Amino acid sequence: MTGYIEQLTQELSPLTENIVNHSLYRHISSIDDLRFFMEQHVFAVWDFMCLLKELHRGIVTTSTPWFPPKDALSANLISSILVEEEGDVTEDGSYASHFEIYISAMEKLGADTQPIRKLLQLLHAGHSIQEAVNLIPMRDGAKDFVLTTFSFFGRSVHELAAAFVYGREGITSSMFIPMVEQIETSIPPEKHYQLSTL
């Protein structure tokens, strides 16, 4: 199994490199650019949580009657990630999901949070994800991204795990390193305090 994972990781490395070295990062050179990025990226932050919850549901019992997980190690790993993502400690010592922390940062920066809030309202009201994304002002790229994520739901656990590990968890940290470096060099130093308080 280890050999297969290494082979798959190697096969996917050109795609990972494309993401890490994407030209998008070079275009974030002002607070306005960062606002615009966050207004699109917030949908990926939200659907990351949806993918995580769907994978969690496939690994552990999420309703009664409860049954022991088939793989306790996987249950521990996915539950640990979920605990941090849904209830991390904030700077003031309270708790919030990473999604809520991101929304708070958007608000502090003056980014528009209404589209993502409207999406959640529509889903709460019973609209399907397909209906909801078509009822809000949302760019086609973000819409396609969310719908692609939701297309994995209902598939086997190993397919969900692959989408989560290779499509999100395994690349997120390396993806943001060049973005942070770009922001630090492109946005004037007097604006750094504003960003540091997000």
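Colleague: Is Arg57 buried, partly exposed or exposed?

Modeller: This is a predicted model, so the value is computed from predicted coordinates. Buried means under 20% relative accessible area, and exposed means over 50%. Arg57 has 46% relative accessibility, so it counts as partly exposed. Arg57 sits in helix α2.

Colleague: How far is Arg57 from Val157 in sequence and in space?

Modeller: Count along the chain and Arg57 and Val157 are 100 residues apart. Go from C-alpha to C-alpha and they are 9.2 Å apart.

Colleague: Where does Ser63 lie, and how far is it from Val20 in space?

Modeller: Ser63 is in the loop between α2 and α3. Ser63 is partly exposed, at 48% relative accessible area.

Colleague: Now peptide bonds. What should I look for?

Modeller: Most residues other than glycine have a negative phi, and most peptide bonds are trans. Here a cis peptide bond joins Thr64 and Pro65, with omega about -5°. Pro65 lies in the loop between α2 and α3.

Colleague: What is the phi of Gly126?

Modeller: The phi of Gly126 is positive, near 105°. Gly126 follows α5.

Colleague: How do I read a helix with a buried side?

Modeller: Start with the turn. An α-helix has 3.6 residues a turn, so residues three or four places apart point the same way. Now take helix α5, residues 114-124. Its buried residues include Pro115, Ile116, Leu119 and Leu122.

Colleague: Why do the buried residues of α5 line one face?

Modeller: Seen down the axis of α5, they fall within an arc of 120°, so they line one face of the helix. On the other side of α5, Gln114 and His124 are exposed.

Colleague: Which helices do the buried residues of α5 pack against?

Modeller: They pack against α2, α4 (98-109) and α6 (129-134).

Colleague: Next, rings. How many aromatic pairs does a search of the whole structure find?

Modeller: It finds three. Take Trp46 and Phe150. Their ring centres are 5.6 Å apart and their planes are at 20°, so the pair is stacked. The pair links distant parts of the chain, 104 residues apart. Trp46 is in helix α2 (residues 31-59), and Phe150 is in helix α7 (residues 140-151).

Colleague: Are Trp46 and Phe150 buried or partly exposed?

Modeller: Trp46 is buried, at 10% relative accessible area. Phe150 counts as partly exposed, at 22% relative accessibility.

Colleague: What about the rings of Phe48 and Phe164?

Modeller: Their centres are 5.4 Å apart and their planes are at 35°, so this pair is tilted. Phe48 lies in helix α2 and Phe164 in helix α8 (residues 157-169), so the pair ties together parts 116 residues apart in sequence. Phe48 and Phe164 are buried.

Colleague: Which residues do ring pairs link into a cluster?

Modeller: Trp46, Phe150 and Phe153.

Colleague: How do I find a pocket?

Modeller: Rolling a probe the size of a water molecule over the atoms shows where empty space is left. In this model, the second largest pocket holds about 460 Å³ of space. It is lined by 21 residues. Closest to its centre are Leu55, Ile59, Asp71, Ser74 and Val157.

Colleague: Which elements give two or more residues to the lining of the second largest pocket?

Modeller: They are α2, α3 (72-86) and α8. The largest share, six residues, comes from α8. By class, the lining has 13 nonpolar, four polar and four charged residues.

Colleague: Last, loops. Which residues does Gly170 touch, not counting those up to four places away in sequence?

Modeller: On that count, Gly170 touches Phe164 and Val165. Gly170 lies in the loop between α8 and α9 (172-186). Its C-alpha is separated from that of Lys53 by 17 Å, and the two are 117 residues apart along the chain.

Colleague: Where is Ser97, and is it buried or exposed?

Modeller: Ser97 is in the loop between β2 (95-96) and α4. At 10% relative accessibility, Ser97 counts as buried. Leaving aside neighbours within four places in sequence, Ser97 is in contact with Glu85, Glu86 and Gly87.

Conventions
Residues are numbered from 1 along each chain as its sequence is written. This is a predicted model: local features need pLDDT of at least 70, side-chain atom pairs count only at pLDDT 80 or more; totals for chains, interfaces and linings use all residues. Side-chain values use heavy atoms; hydrogens and water are left out. Rings of Phe, Tyr and Trp (its six-membered ring) pair if their centres lie within 6.5 Å; planes under 30 degrees apart count as stacked, over 60 as edge-to-face and the rest as tilted. Helices (H or I, at least four residues) and strands (E, at least two) are DSSP runs, numbered from the N terminus. Buried means under 20% relative accessible area, exposed over 50%, partly exposed in between (1.4 Å probe, protein chains only). The arc is that of the directions from the helix axis to the C-beta atoms. Contact means heavy atoms within 4.5 Å. On a 1 Å grid over the protein atoms alone, a cavity is a set of points where a 1.4 Å probe fits but cannot get out, and a pocket is an open set with protein on both sides within 12 Å along at least five of seven lines; lining residues have an atom within 4 Å of a point. Grid points are joined across faces, edges and corners, and a volume is the space filled by probe spheres set on the points. Ala, Val, Leu, Ile, Met, Phe, Trp, Tyr, Cys and Pro count as nonpolar, Asp, Glu, Lys and Arg as charged, and the others, Gly among them, as polar.
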